[in-house]
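Welcome! Please take a moment to look over the protein shown here before reading the notes.

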Amino acid sequence: MRGLSKPWPPSNVSPDGQAPRRFVDAERAYRTALPHRSDKTRFARTEFDQLDKGKLRKVMSGEQSSLCVYCERRLSENGRPAHVEHWRPLSGAPEHALCWRNLYLSCATIDTCDGAKGNRRLRWDDADPDLPWPTELEYERLVGFDSDGRMYVRDDVNIDEATRKALELAIDDHRHGGDRRCAILNLNHPTLVAGRRAALDSERTRMEKDFENRTNRTATREQRDEQATQLLDQEQRPAFVSIRVAWLRKRLGRGR
Ligand SMILES: [Zn+2]
């Protein structure tokens, strides 16, 4: 999970053959009509379904550098179209159903990310606010990885308790005494942990190859940092880019 910039809502969200309509105009019309509807969730679903998802996906894929907003798998990995995901679910927060910063692409898997989340909200307690949108919070500052590929919330960052607990529950199951709750996004699913380890192996192999014929056989701190910046600057980032960057910057492990 990383912070994102979403400055350009699509200039046309109408299906082909219909009069073009900008996303911001669709959102404005929706917001005007919503207070007058008795079944707000149904209205939200109907209006959202009218948007051309292919046109949404095209813009969002660019914003997200072709990675799932939650797990950072490549969106095209399993051949199925990415799911257009409401960060705050359409059923629980219809006021955000057509809000551009509430919409993201999630990988189309059943047991992690949007598939695991369903209509749950990204929060610990019903009285808490939802986790902030990635446009509002740099999640890469909050999450860390160990060398086995597991993800966690860093102990050494200063965040409020509601955000910390919600993010911990988003990532992993919670077990404390008799209190057991299933992870909302399930980001330490064995497939994801194995994928992160493979990403680390591929970075190590590439680094060894790059330096095998040089006089200095290992990369300097500056060279590793430059490689991390290059990964982040790519239009299509490699899967699990955050653990790759953490390894390159020598920040793997608890408390780093
Ligand atoms: Zn995912």
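Predicted model: local features only at pLDDT ≥ 70, side-chain atom pairs only at ≥ 80, totals over all residues.

Residues are numbered from 1 along each chain as its sequence is written, and side-chain values use heavy atoms, with hydrogens and water left out.

**The whole protein**

- The protein has 8 helices and 6 strands; helices (H or I, at least four residues) and strands (E, at least two) are DSSP runs, numbered from the N terminus.
- Starting at the N terminus, the order of elements is α-α-α-β-β-α-β-β-α-β-β-α-α-α.
- Of the 256 residues, 48% are buried, where buried means under 20% relative accessible area, exposed over 50%, and partly exposed in between (1.4 Å probe, protein chains only).

**Helix α6**

- Helix α6 covers residues 190-211 and reaches 32 Å from its first C-alpha to its last, close to the 32 Å expected; the expected span is 1.5 Å times one less than the number of residues.
- Among the buried residues of α6 are Leu192, Val193, Ala199, Leu200 and Phe211.
- Seen down the axis, the buried residues of α6 fall within an arc of 160 degrees, so they line one face of the helix; the arc is that of the directions from the helix axis to the C-beta atoms.
- Pro190, Glu208 and Lys209 are exposed on the other side of α6.
- The cover over the buried residues of α6 includes β3, β4, α7 and α8, judged by contact, meaning heavy atoms within 4.5 Å.

**Helix α1**

- In helix α1 (residues 23-33), the buried residues are Phe23, Ala26, Glu27 and Tyr30.
- These residues cover an arc of only 100 degrees, which puts them on the same side of α1.
- Arg28 and Thr32 are exposed on the face of α1 turned away from its buried side.

**The zinc site**

- The protein donors of the zinc ion are the SG atoms of Cys68, Cys71, Cys107 and Cys113, lying 2.3 Å from it; donors are N, O and S atoms within 2.8 Å of the metal (3.2 Å for Na, K and Ca), and water is not among the atoms, so sites may look incomplete.
- Along the chain, the zinc donors follow the spacing C-x2-C-x35-C-x5-C.
- Both Cys68 and Cys71 are buried.
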